[in-house]
Amino acid sequence: MSDMMKVSSNPHVRSSVTTSNIMMWVVIALLPAAGFGVYNFGVDALIILILSVISTVLTEFCYEKFMHKKITIGDFSAVVTGLLLGMNLPSTAPWWLPVLGGIFAILVVKMLFGGLGQNFMNPALGARCFLIISFPALMTNFVTDTYTSATPLTALKNGEEVVVIDMITGKIPGTIGETSMIAIVLGACILIMLGIIDLKIPGSYIVSFVIFIILFGGHGFNGTYISAQLAGGGLMLGAFFMATDYVTCPITVKGKYIYGIILGILTGIFRVFGSSSEGVSYAIIIGNLLVPLIEKFTLPRAFGIRPAGRKEENKA
Amino acid sequence: MSEEKKGALGFKQDTPAERFFNGLIVENPTLVLMIGMCPTLAVTTSAINGLTMGLATTFVLALSNAVIALLRKVIPDTVRIPAFIVVIASFVTLVQLVMQAYVPVMYEALGVYIPLIVVNCIIFGRAEAYASKHDVIPSFFDGVGMGLGFTCAITVIGLFRELIGGGTMFDVQIFGEGTVVPGAIGYFFGLYQPIRIFIQQAGAFIVLAVLIAIMNQVKFNMEKKGKDTSKFGVGGCCSDVEIKDPHKVKEELLAKEKAAKIIKADKEEAIKEETVKENEAKEKAGEEDEK
């Protein structure tokens, strides 16, 4: 009897990729954008990032300890949530804002629905929306070089001039992690090269958003306007890091494209017709809620099984 | 229903007291039966709104239950729903006019939800499930109990939403700026920032879910201690349902699973045989086609 004859149940092929592995790489990929945020906004930003990571990890630990469940903070998913949440807050936020957001993200959005893999929406974005509804003034208090100012997107919406090159490098007011397009794309490249995310969702998201902006943005095919819309706000961060969250995006290939297009259109609607200049987080959350439906309709047909309702074809 | 059968909390079935506690606790319409969710979520932005809405509903519920019980032998079965609506709507109009005259502030605050009491499913549910089959007095107390159960639940929801979302309790500022609490405690209470989402729609769902979770946990703990909770949730009009010992239920379930497994195995074999036969048939058909 050789080893080849050994009988065992599946899986037979194992990969070295684990949840904690992937999450670690996501954290590493987020570091350029987070680092730039700290460089741009100073120590305040660093404190907020640290506080939000601590609060998410601690909440997960306490919940699992208290509920006598397996401690899963080792899979780094709470760190990713905390980092993303911190990057979605303005640097002027008071200390309790990231803490409250972290507790809400983990406790309400993630753990109460069954923990990692069971959450129906992205925890970091759920917490961001919770905070932005509860504390609108604190969440939109943006600062550059100690001046309180509007984000370029708000300026754009009010018909003011914006400097696109600043928006691409990131020397603009905004939340901690969203300002620098270069740093975000750099991080995204790492994930794409490692095969952790692919371009299906971000690609269809951004392309459909651009088409929407050209059609309904009111500026036609205006290069400055389009690039400002792309580089401004949380579009890049959302498209590469939050829309691609494994748990809350469709697993079917067709579904991924549909999901991306829905996000693009929703973001366009919120930005062009909405009262606020930003709409990425709401778009992704609504997209998350539609995922089960999308998956249901894009389920691939198993070989040899006739779709229900179709009549048996005539054999002759 | 036999006379000896015991109702909610060990009271005799269909007595006024049993009906009252059944509605208030055992079959609380909001937290156990989970009906009447529309006003529960819509008007509970403050405790006082919840209380007023609850009392208005209680009034309508008790009187409409009594009248429907009175008329139950007159109303033909086929048109009972329109008949119920007429009765309920009369009482709602009564409440609406009285509130408009004497508490115009609350009337303004509750707005469209007062006329909407007509289609509140607690009232319909009780008329259909209880009042149309029972005597006037138990029906009346069923309405009072259910109404007060609803009132308590939505007042508590309103209390929490108001306190977390606005820092106030019955319009008295407890937390946040301008707190009425004096001294050092008042200073710390004053630092509180109201979490506004709780007075918006999403907050209603969160508070309601937490309350239901607490209710279920209490029930679970009682079961764990070996107390009889069989009258919890399935008292009253649902008490016709046979109540089983949890251990027996478990054994039965296990037995059922075993049986299902055996049946499944049998079925699989049968399917296998069938497919073999089908394949044979197909082959034959193929041969015939070739011919």
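**Close-up 1. Helix H12 of chain A, tucked away.** All of this comes from a predicted model, and here 8 of the 8 residues of helix H12 (residues 235–242) of chain A are buried, so H12(A) is largely enclosed by the rest of the structure. Buried here means 20 or more other C-beta atoms, placed from the backbone, within 10 Å of a residue's own. The residues in question are A:Leu235, A:Met236, A:Leu237, A:Gly238, A:Ala239, A:Phe240, A:Phe241 and A:Met242.

**Close-up 2. Helices H4 and H5 of chain A packing together.** H4 (residues 96–110) and H5 (residues 123–134) of chain A have axes 8 Å apart and meet at about 125 degrees. That angle makes H4(A) oblique to H5(A), oblique being whatever is left after under 35 degrees (roughly parallel), over 145 (roughly antiparallel) and 65 to 115 (roughly perpendicular). On the H4(A) side, the contact (C-beta atoms within 7 Å) includes A:Leu97, A:Phe104 and A:Ile106, while H5(A) brings in A:Pro123, A:Phe130 and A:Leu131, among others. Sorted by type, the contact residues come out as 10 nonpolar, 3 polar and 2 charged.

**Close-up 3. B:Val67 in helix H3 of chain B.** B:Val67 sits in H3 (residues 47–70) of chain B. B:Val67 is buried, with 21 other C-beta atoms within 10 Å. Between its C-alpha atom and that of B:Gln96, 29 residues along the chain, there's a separation of 19 Å.

**Notes.** Residues are numbered from 1 along each chain as its sequence is written, and chains are lettered from A, with ligands numbered from 1, in the order in which they are written. As the model is predicted, local features need pLDDT of at least 70 and side-chain atom pairs count only at pLDDT 80 or more, whereas totals for chains, interfaces and linings use all residues.

Notes: A residue is buried if 20 or more other C-beta atoms lie within 10 Å of its own, exposed if 12 or fewer, and partly exposed in between; C-beta atoms are placed from the backbone. Helices (H or I, at least four residues) and strands (E, at least two) are DSSP runs, numbered from the N terminus. Axes are lines fitted to C-alpha atoms, for helices over the stretch in contact, and angles run from 0 to 180 degrees between N-to-C directions. Two residues are in contact if their C-beta atoms, placed from the backbone, lie within 7 Å. Ala, Val, Leu, Ile, Met, Phe, Trp, Tyr, Cys and Pro count as nonpolar, Asp, Glu, Lys and Arg as charged, and the others, Gly among them, as polar.
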